[in-house]
Amino acid sequence: MENVDVFTCEAKGRGLKAVKEFWAGDVIFAERAYAAVVFDSLTHLVCHTCFKRHEKLQRCGQCKFAHYCDRTCQKDAWANHKNECSSIKRHGKAPNENIRLAARILWRIEKEGGGLTEGCLVSIDNLQNHVDHFGDEEKKEMRIDLESFLEFWPPDNKQFGMTYISHILGVINCNGFTLSDQRGLQAVGVGIFPNLCLVNHDCWPNCTVIFNNGKIELRALGKISVGEELTVSYVDFLNVSEDRKQQLKKQYYFDCTCEHCQKGIKDDLMTAVKEGNEKPSKELVKDVIQFSKETLEKIDAARTEGIYHQVVKLCRECLDKQDPVLGDTNLYLLRILSIMSEVLSYLQLFDEAAGYSKRMVDGYMKLYHPNNAQLGMALMRAGVTQWHAGLIEAGHGMICKAYAILLVTHGSTHPITKDLEAMRVQSEMELRMFQENEFMYYKMREAALQNQTIQVMPEPAANEISPGIFQKK
């Protein structure tokens, strides 16, 4: 932690600032979790030590709850799992993830004390819990969690007071960091990282956080000067400033005063309507937005039930209403385009999905920070969709842009960046083939898609092109 200093200001409280200059992609610090657990729904699919997904995991022979990649992961986990294992056997079942995480934190405090631990700038005792700001519903949930915790906590272990247990549950509520699988594509668990808790929020931050190989990394998104505050975004930027402020107030109990929220920067793009001689009326825009909200609710229901053709139908109906009214960067249009391209790709209707995915990333690039991780992932997915649709030039271009962003946000050693590098090399090779002999490229591609041995036909003369040969193009 020699790269940062803790400071305090009246408006934000504690924060971290840089003690040296950083550039895009630099790792400012890395930190292992003080304690972490796998989500309830994935306990049998994800290793409880390294948080990697595996098809075949080894189960703990005693509690039958914890799962591991192999004996190595199981041995590494025993110090943290020992108390949990006996409590699960005594209790008869494992409690929810919040209770399991609170128990792991308190077992470590019981062993090491609640003060500063090695490498930490702040103790668990001094983290914000915001329990005093809880509403009635949150207080009710807290009481239920307290009862569940007391049932799970072993009677022969150190007994902590209700106030202290509430503090730990409050810390988890507002400081829990989501852990991803090894490729960074799915949230699989939650952990507490004390140093990361000191990094304040900004809607247009200068840092990003990524989970890589068992540690979180705080990475610079651009040049950071000596003495500059380090910030990350607690919420997705793709919401108008007022909605982001409400979300931050509800979830993290503070009023955002960043420049983008104060000035409403990019709000005009996020709420854009069609420009032209006949600008749509306010009433029409309001009706289309309301229709979009209702459609998104129906889409969520259809996706939950796995009725993907219904999702496509709903998206088409919504786009028919949106396209004449909403601008290319309007959030409601982009949300429908995102769902449409994702579902069509899942259904392997790549030709149709390609057009929607391109419109989506064109809008994203006008809204997101140029080194935003979400933008990089969206470009990667869109590039793969273009590639599958046979649009090799567009696909390779998007994959290259995604690779450049993920080198900054994830680093060259992250598995998803390595996957992307392999795609970039493969698509570049295919692009060269396409540029040298377009006919041969499509012939080889068609054979590969059909998993057949290629049968080369004589290339027709320019004036004898048969209809249908370049149908894919």
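**View 1. Several helices and strands line the second largest pocket of this predicted model.** β3 (27–31), β4 (35–38), α1 (71–91), α2 (97–112), β7 (177–180) and β10 (207–212) each supply at least two lining residues. Helices (H or I, at least four residues) and strands (E, at least two) are DSSP runs, numbered from the N terminus. α1 gives the largest share, 8 residues. The lining holds 42 residues; Arg-32, Ala-33, Thr-49, Asn-80 and Gly-214 lie nearest the pocket centre. On a 1 Å grid over the protein atoms alone, a pocket is an open set of points where a 1.4 Å probe fits, with protein on both sides within 12 Å along at least five of seven lines; lining residues have an atom within 4 Å of a point.

Residues are numbered from 1 along each chain as its sequence is written. In this predicted model, local features need pLDDT of at least 70, side-chain atom pairs count only at pLDDT 80 or more, totals for chains, interfaces and linings use all residues, and side-chain values use heavy atoms, without hydrogens and water.

**View 2. Strand β8 (residues 187–192) is mostly covered.** β8 pairs with β4 in the antiparallel sense over 4 bridges. Pairing takes at least two DSSP bridges between the strands. Ala-36 stands opposite Gly-191 in β8. β7 and β8 also pair in the antiparallel sense, over 4 bridges. Here Thr-178 stands opposite Val-190.

**View 3. Helix α8 has buried residues.** Among them are Val-285, Ile-289 and Leu-296. Their cover includes α9 (308–322) and α10 (331–346). Gly-306 follows α8, with a positive phi near 75 degrees.

Terms used:
Buried < 20%, exposed > 50% of the residue type's maximum accessible area, 1.4 Å probe, protein only. Contact = heavy atoms within 4.5 Å.
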